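Welcome! Have a look at the model below, then work through the exercises with me.

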Amino acid sequence: MQESQEQMRERAHQLQGEIRRMFNAGKAKSAAHMATLVDTIEHLGIDHCFREEIAAAMSRVRSEEVDFSRSNDDLHVVALRFRLLRQHGIWVSADVFDKFRDGNSGSFNSSLRNNPRGLLSMYNAAHMAIPGEKTLDDAIAFAKHHLEAVRDELRWPLAEQVSRALDIPLPRISRRVESMHYIAEYEEEEAHDATLLELARLDFELVRCLHLEELRELSLWDESAVSVVPEYLRTLYLRTLRGFQEFEDMLEPDEEATWANENHEPSFAEHVRVSTISSGLPMLVPVILTGLPSSRDPAAIREAFAWADGEPEMVLASGQVGRFLNDMASYTLEKNKKDVANAHECYMKEFGVTGPEAFAAIAGMTENAWRTINRGCMMEVHPAMLPAVQTAVVNLSRSMEIIYLGGRRDAYTFASNLKDLVTALFLRPITAA
């Protein structure tokens, strides 16, 4: 197995050299061509091999806006540029979509309903919205309506990509899960590049081997080993929690237990205030950071925690995503009657609304939390570890989307819901449907 992996790594190294030559050749091509190349590489999950090349390409995509304006009738190209720039932390105004709206009514042009690929690109791009962007609210609603209307008429793989996006929009789905699907789909595209495809397959298998080895080692741990938590990690937990000064009152360890024992029904705001922290997501960020190479630099990790201390909004928004999705799933599946009142029930009682109305309201709050995360990813500050912090927060939030599927399932409580996905990620060959 080790010999086979070594051969795979050698071949992957050769392929990386060929793809770097693609980037060099792309300098003579349009910025739109480079955007497509970057998107394909990221979608295939091999972008970690080409960080410098992608950074240079994105700088060009950002600066050569006129190249994209020539394609002002191509919704896919405009949406692709918008999504890529925002996903790379580069601000671009949502008014780039105004050209696809009727000048009188302000509605999106009805002719776009005949462009499912463009609609899918706009739908995914619009989920990079920050709070208050009405244009992107309209884009999501318009695209979703028309994609739902035509998805049964679409051919594979576009039909599958539309269905996945309607479940979890592209910017919010786990990168590895999406790459697993896309590698099989990309192979069926007439214009696919064999070099990109081969490297994507090799890289996926190499990472899979690494994950399987890690799982093997974890399975050998006994309980005494698991209980030994390094002191420095416990210190990071405490430092992180204490960093959120306005939330220090949340550190009462038995507050939710007291609610249950005393049959206390907290207000909705009170519930969100406490349960966002108790979800555990905000505390997972320092755990992830300790495993990164840059965490060996004390100055870098101090900068990361200084950011979390001064701007905790993004980290807490991630906790809200997990909290709200969990409580939405509890409503959908009917929670354990002995559980403390959840956010959904608190909202129903406090505001006098029905279950479906509360569900819709909390779904909207989940959406706004995601937009807060998006805004945090486009902050104009770049300390050594900040991009790693941002990525950690986004990935934690993505994992919540996989587990709860928009509040329609609870794979945290009922892990069998993820059995097929885990099997596909770790054991099944990647093949086209």
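This is a predicted model: local features need pLDDT of at least 70, side-chain atom pairs count only at pLDDT 80 or more; totals for chains, interfaces and linings use all residues.

Residues are numbered from 1 along each chain as its sequence is written, and side-chain values use heavy atoms, with hydrogens and water left out.

**Exercise 1.** Find how many helices and strands the chain has.

*Solution.* Start with the DSSP runs: helices are H or I runs of at least four residues, strands are E runs of at least two, and both are numbered from the N terminus. Counting them gives 21 helices and 0 strands.

**Exercise 2.** Work out which helix has the lowest mean pLDDT and which the highest.

*Solution.* First, recall that pLDDT is the predictor's confidence in each residue, from 0 to 100. The chain averages 84, and 79% of its residues score at least 70. Next, go through the elements: helix 12 (residues 231-243) is lowest with a mean of 52, while helix 6 (residues 116-126) is highest with 97. Finally, notice residues 243-253, where the pLDDT is below 50.

**Exercise 3.** Determine which helix gives the largest share of the lining of the second largest pocket.

*Solution.* Begin with the helices that each supply at least two lining residues: helix 1 (2-26), helix 2 (31-43), helix 5 (75-87), helix 6, helix 8 (158-167) and helix 9 (175-186). Helix 2 gives the largest share, 6 residues.

Note on methods:
Contact means heavy atoms within 4.5 Å.
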